[in-house]
Amino acid sequence: MRVTITVNGEQRVADDVWAGESLLYVLRERLGLPGSKNACEQGECGSCTVYLDGVTCCACLVAAGQADGRSVDTVEGLSHHAGEGELHPVQQAFVETGAVQCGFCTPGLLVATHDLLARDPDPDDSEIREALAGNLCRCTGYEKIIEAVHLAARRMR
Amino acid sequence: MTGTTETTGTTRVGAPGGVGESPLRPDGILKVTGEFAYGSDLWMDDMLWGVTLRSPHPSARILKVDITEALRTAGVFAVLTHDDVPGQKHFGLEHQDQPVLAVDVVRYQGEPVALVAADHPETARQAAKKIVVDYEVLEPVVDARKALLPDAPQLHPHGNLVRHVRIRTGDPHPSAEVVVSGDYEVGMQDQAFLGPESGLAVPDGTGGVDLYVATQWLHVDQRQVCAALGLGPDRVRLRLAGVGGAFGGREDLSMHVHGCLLALHTGKPVKMVYNREESFFGHVHRHPASMHYEYGADRDGRLVYARATIHLDGGAYASSTPAVVGNAGTMGLGPYEIPNIHVDCYGAYTNNPPCGAMRGFGSVQTAFAVEAIMDKLAEAVGLDPVEIRVRNGFHEGSTAPTGQVIDSAAPVAELVQRLRAMPLPPDDGGELDLRRLPGGVANTTHGEGVRRGVGYAVAYKNVAFSEGFDDYSTARVRLAVVGHEPVVTVHTAAAEVGQGLVTVEQQICRTELEVERVVVAPKDTQVGSAGSSSASRQTYVTGGAVRAACQSVRRTVLARAAQRLGVDAATLRLAGDAVVDDLGAVAVTLADLLGTDEVEDTVEWRHRPTYPIDPETGQGNAHVQYAFAAHRAVVDVDVELGLVKVVELACTQDVGKAVNPSAVVGQIQGGSTQGMGLALMEEIQIVAGRITNPSFTDYLIPTILDTPPMPIEVLEYADPHAPYGLRGVGEAPTISSGPAVAAAIRAATGLDLRRVPIRPEDVTGTR
């Protein structure tokens, strides 16, 4: 089947999509956007978190056909509104605080943090923990991720 | 020297971003923009997808394999079995006992039996289902102790014992005024790195292959892949793909040979990516342990003797079990001075999933037993948990159970005393916040039935490879002037697995060569081996190699300048884009001196040698260096429901020298969290040799809600034998955090909990 999705503001078409393919597979393998990660493919780890029509979801749990005609925003689109060669403040804060080690969880956490700060520009630690509880990280123990969220929030206010 | 997590006020040597600072990691921007290419992100035109057919049985004979229907499937390019392995049919890190593809028997559930390559991953999966394997199912051996009994079925030609380590010192029949003992068990933990096993094998058109793979040690992989393919190292080139975490789980081969076989067979690039379920079957796990410990002491709590019997379940193949047994045996009594010792540590083959390397490597399991016994002893003699550790802890000059004298800092007493001095978190007496209570937002308690407990534990870990292993690394460093600016290129094969080694390589070059711009070359087998990104060793060993290569390049440059200027090289040094004299004045610019020349050297570097242990007594200078860490855990336990909330997990660790203070803290926080996970929730559950929870739905790792604040004090007592005085960092905190959490739960509940992970039913007594 043919699937048409507006990805990071640009209309994209994927042909010959098998009905069992997920949105994550189409993004990664058909549209050249491997930033969203495939760590569990059952919605437990949050590494594939993307916006679907402005609402965060796990791209692995969305059938590609369900995304047809809709709008998807991924980690690759986060810095679109930053200046040329610049990062979004959330991305910049993750790099600066050491919240990135292996980095496999990072794209999902960035999208989830982006979403959190859009809803709540000044979350406290408990609110951050609750908002990011769907994103597993195996390297950092989360402390520097919390630091990164606070730093990004300060800079975005 | 002590007490800080950030380096301040130190005199800078070398260019900005050198040793002791925390510059940004060079791969950070790619990782936050989604452009960093992990193994699973690789892609080529005309690429095929490979999948693995695995045994559903933990023990069976293979009577027949029929691939006819699978081969007929449209879109399938190859179906391979052991018949298609052209070289050695078995591989392994220490013993070559594991089939590339099963030959006549399978010894664990998940053992690879056949491979399929197809133009779509789903086509390959469907075709694999059409492979017909006739099995004669056998009764699996599932208990490590029973596997060593004389009447157990023998799983390998040389029997079921992988290794037995004995430690014997002092009086063989000691007695003591106070004796404590207990039996302890540790469940099977998974590394649960987030990036599943993955890689891309690309045939070169002349019978060779390039393999891009996520791994921990390119050269040990290359050696094994070459043997299986029957090709020389010039025909099998490995390059590190982006690695999504490792923690020991990528020391053994996964898709390496399989991908290459399919690529060479089809003449097309082949990508293999395990999904999470397959990942649980596709790598080794932490050895489950059952341990009997008995410690004797005098009435003042000074240890007189220790007896321990440790059984580690190695599963179906040896992997790194011999070395894990070595660690658990030689270091399994904790960082305590004990004059009379009797230890037996066994690793056994069973039909359970193969076990091998995981962060902490044998020391994690024994620490749960040792630290519980030390708390028991403290109670028996009326001391508190800190005082018993202060009284018995190693210090510089102590003798380890192997007879090795510890010849650098061993600040056990200071580590626990500093923890005790750290402020305790306040009781949550104020506003009700479910997120801070056991059970969290599940709203299972409003504080009723909740008891607080505090527990301490201390750990030590050998850094780098032990027991006489030739443990070296290779570094190639090049200095050139590009557009009037000096640029250093550093090339090693050391795997960046997330820990930040690429940053450390840059920092060392900046410090040694005074050049700010340092390029880290891609990690591949075009340079000599760096050894494994394991055993907390890369900053020490590859760091040592990079430093030595830089020093060699510096000597060459200064000698050349000295010759040109007609002065003594000893009066010159490097400074940014120039060679300067002893007054700091520019003697010659690097652009003038080098022109278009490059100065390059490649150095193989070794830490001081280690030695095998005596097979009868376990005596010998087996280890290079020890790392020390301690934890204090504060927990709230809902004793009615058995739910635990870790309120705070404080750590003190001696790192010798914090080469990158931010990364050091990151290692401690991440390691502490993994240790806590084993104490509370992480266990691969096995029933009759079968994994019942191979998913992130059922195998739980700590989320951000489960993980507490982690205050840290980093000590820097230089090890005079190590580069910059540094100590390996990554593993020690994984060892002491779990035992501290277990101790805190015992303190909260009054229960003698002897098994981890501690399940709710262990707390409520309803099991």
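Tutor: Start with one helix. Helix 5 of chain B, residues 218-229, has 12 residues and reaches 16 Å from its first C-alpha to its last. That is close to the 16 Å expected at 1.5 Å a residue. The expected span is 1.5 Å times one less than the number of residues. Helices here are DSSP runs of H or I with at least four residues, strands are runs of E with at least two, and both are numbered from the N terminus.

Student: How far can I trust the model and its numbering?

Tutor: The model is predicted: local features need pLDDT of at least 70, side-chain atom pairs count only at pLDDT 80 or more, and totals for chains, interfaces and linings use all residues. Residues are numbered from 1 along each chain as its sequence is written, while chains are lettered from A and ligands numbered from 1 in the order in which they are written.

Student: Which residues of helix 5 of chain B are buried?

Tutor: First the cut-offs. A residue is buried if 20 or more other C-beta atoms lie within 10 Å of its own, exposed if 12 or fewer, and partly exposed in between; C-beta atoms are placed from the backbone. In helix 5 of chain B the buried residues are L218(B), D221(B), Q222(B), Q224(B), V225(B), C226(B), A228(B) and L229(B).

Student: What covers the buried residues of helix 5 of chain B?

Tutor: Look for contacts, meaning C-beta atoms, placed from the backbone, within 7 Å. The cover includes strand 4 (90-91), strand 12 (209-213), strand 13 (236-240) and helix 6 (256-266) of chain B. Just after helix 5, G230(B) takes a positive phi of about 70°.

Student: How do I read a sheet?

Tutor: Strands of a sheet pair through backbone hydrogen bonds, either parallel or antiparallel. Two strands count as paired if DSSP finds at least two bridges between them. In chain B, an open sheet of four strands has the order 18-26-27-30, with mixed pairing. Strand 18 (450-463) and strand 30 (712-715) of chain B each have a single partner strand, so one side of each is left without a neighbour in the sheet. Neighbouring strands of this sheet are turned by 20° against each other on average, direction ignored. Axes for this are lines fitted to C-alpha atoms, for helices over the stretch in contact, and angles run from 0 to 180 degrees between N-to-C directions.

Student: How many bridges join strand 18 to strand 26 of chain B?

Tutor: There are 14, and the two strands run antiparallel. Strand 26 covers residues 625-638. R451(B) stands opposite V637(B) of that strand.

Student: What does a whole chain look like?

Tutor: Chain B comes to 17 helices and 31 strands. Its radius of gyration is 27 Å, close to the 27 Å that the globule rule gives for 767 residues, so chain B is as compact as a globular protein of that length. The radius is taken over C-alpha atoms, and the rule is 2.2 Å times the number of residues to the power 0.38. Of those 767 residues, 59% count as buried.

Student: And chain A?

Tutor: Chain A has five helices and five strands. They run β-β-α-β-β-β-α-α-α-α from the N terminus on. Of its 157 residues, 60% count as buried.

Student: How many residues of chain A are in contact with chain B?

Tutor: 44 residues of chain A are in contact with 46 of chain B. Helix 2 (89-97) of chain A gives the largest share of chain A's side, four residues.

Methods:
Contact = placed C-beta atoms within 7 Å.
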